[in-house]
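Reader: I would like to go through the labels used for this structure and see what each one rests on. Please set the values against the cut-offs.

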Amino acid sequence: EDEDYVEEILPLVEHHDSPEDYAEDHGGEYKQVLPDIDPEYLQGIPQNFEKDDLEYAPWDREDDFGSPDWAREPGENLPSDGDVKIEVIRKVPDADCKRRTVNLDSVYFHYTGWLRKSGAVFDTSASRTPFSFILGLGMVIPGWDEGLMDMCVGEQRRLTVPSGKGYGDAGISTVPAAATLMFDVELIKIKSFAEEKAEQASRQSVYEEQRRKSASTVPPNPPTVSLEAQSGVSESVSAADHPQHSEL
């Protein structure tokens, strides 16, 4: 929505005007586009994260919602050109919803995905850290860009994603071609673009400070000492000290 924001984000992600453009450019194959990060930069990021930090915590579910274990009833694939269906499983009261997701937010959420036709789970973050991406830039399947819009932290949704808004006619290794997908999703955290940018600047500052301290603690190279000085002997070497080869 803000052209300056989009221009600043461009170095970090591959930009498309819409999820549909992304689908067309990639022939139905969807993948998260990650930035090229200097490994030295990663060394400057603090690793002492608190275990209860929501960005890094496993899914703390209170019921079977999102569970990869319970059996799901099979259904039929929907037409590929159908719309994403959003069912709110747990609504957050307006008084408790501080803000809703908008384009360019970084969204952190847990999910479990299964195939509508077979009921088989093909992916879940239940035992991992939450998944995150920048909303509205086509970094993920269109069904997620649509399905996680206007959502509150703590809200639970069940998404029905036709193949045209999923992995298309090509599918992927764990998803058959033209498959309708189902997702249980729970939003864990929202970061605005400005908040994300400020955190990146903070991490960069930490990294630069660590490099500065590291450089200041490296001992200087010892002075070069000649062999004569080490032995205490100083003598000149003349041609007479060495036998000469006779001319052939």
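Author: F109, Y111, F122, F131, F133, W144 and F183 form one aromatic cluster. This is a predicted model, in which local features need pLDDT of at least 70 and side-chain atom pairs count only at pLDDT 80 or more, while totals for chains, interfaces and linings use all residues. Residues are numbered from 1 along each chain as its sequence is written, and side-chain values use heavy atoms, with hydrogens and water left out.

Reader: Why is the pair of Y111 and W144 called edge-to-face?

Author: The ring centres of Y111 and W144 are 5.1 Å apart and the planes are at 65°, so the pair is edge-to-face. Y111 belongs to strand β2 (residues 106-115) and W144 to helix α4 (residues 142-147), so the pair ties together parts that are 33 residues apart in sequence. Here helices (H or I, at least four residues) and strands (E, at least two) are DSSP runs, numbered from the N terminus.

Reader: What other aromatic pair does W144 form with F183, and where do the two residues lie?

Author: W144 and F183 form an edge-to-face pair, with 5.3 Å centre to centre and 65° between the planes. W144 is in helix α4 and F183 in strand β6 (residues 181-191), 39 residues apart, and the pair links distant parts of the chain.

Reader: How do you know whether W144 and F183 are buried or exposed?

Author: Buried means under 20% relative accessible area, exposed over 50%, and partly exposed in between (1.4 Å probe, protein chains only). W144 has 7% relative accessibility, so W144 counts as buried. F183 has 2%, so F183 counts as buried. Y111 is buried, as is W144.

Reader: Where does the charged end of R72 sit?

Author: The charged end of R72 sits over the ring of W114, 4.2 Å from its centre. The label requires NZ of Lys or CZ of Arg within 6 Å of the ring centre and within 35 degrees of the ring normal.

Reader: Why is D184 called buried, and what does its side chain reach?

Author: D184 is in strand β6. Its relative accessibility is 0%, so D184 counts as buried. The side chain of D184 reaches the backbone nitrogen of G66 at 3.0 Å, and a polar contact of 2.6 Å joins the side chains of D184 and R158. A polar contact is a pair of N or O atoms within 3.5 Å; within protein, one must be able to donate a hydrogen and the other to accept it, and residues adjacent in sequence count only if both atoms are side-chain atoms.

Reader: Which residues does D184 touch?

Author: Not counting residues up to four places away in sequence, D184 touches several residues, among them W59, W70, R72, H110, Y111 and W114. Contact means heavy atoms within 4.5 Å.

Reader: How do you know that the length of helix α5 agrees with its number of residues?

Author: The expected span of a helix is 1.5 Å times one less than its number of residues. Helix α5 (residues 193-217) has 25 residues and should therefore span 36 Å; its end C-alpha atoms are 37 Å apart, which agrees. The buried residues of α5 are F193, E196 and Y207.

Reader: Why is D69 called exposed, and what about D96?

Author: D69 has a relative accessible area of 69%, so D69 is exposed. D69 is found in the loop between α3 (39-43) and β1 (85-90). D96 is at 55%, so D96 counts as exposed, and its place is in the loop between β1 and β2.

Reader: What sets L104 and A178 apart in their phi values?

Author: Neither is a glycine, yet L104 has a positive phi of about 80° and A178 a positive phi of about 60°. L104 lies in the loop between β1 and β2, and at 7% relative accessibility L104 counts as buried. A178 lies in the loop between β5 (156-161) and β6; its relative accessible area is 31%, so A178 is partly exposed.

Conventions. Phe/Tyr/Trp six-rings, centres within 6.5 Å; stacked < 30°, edge-to-face > 60°.
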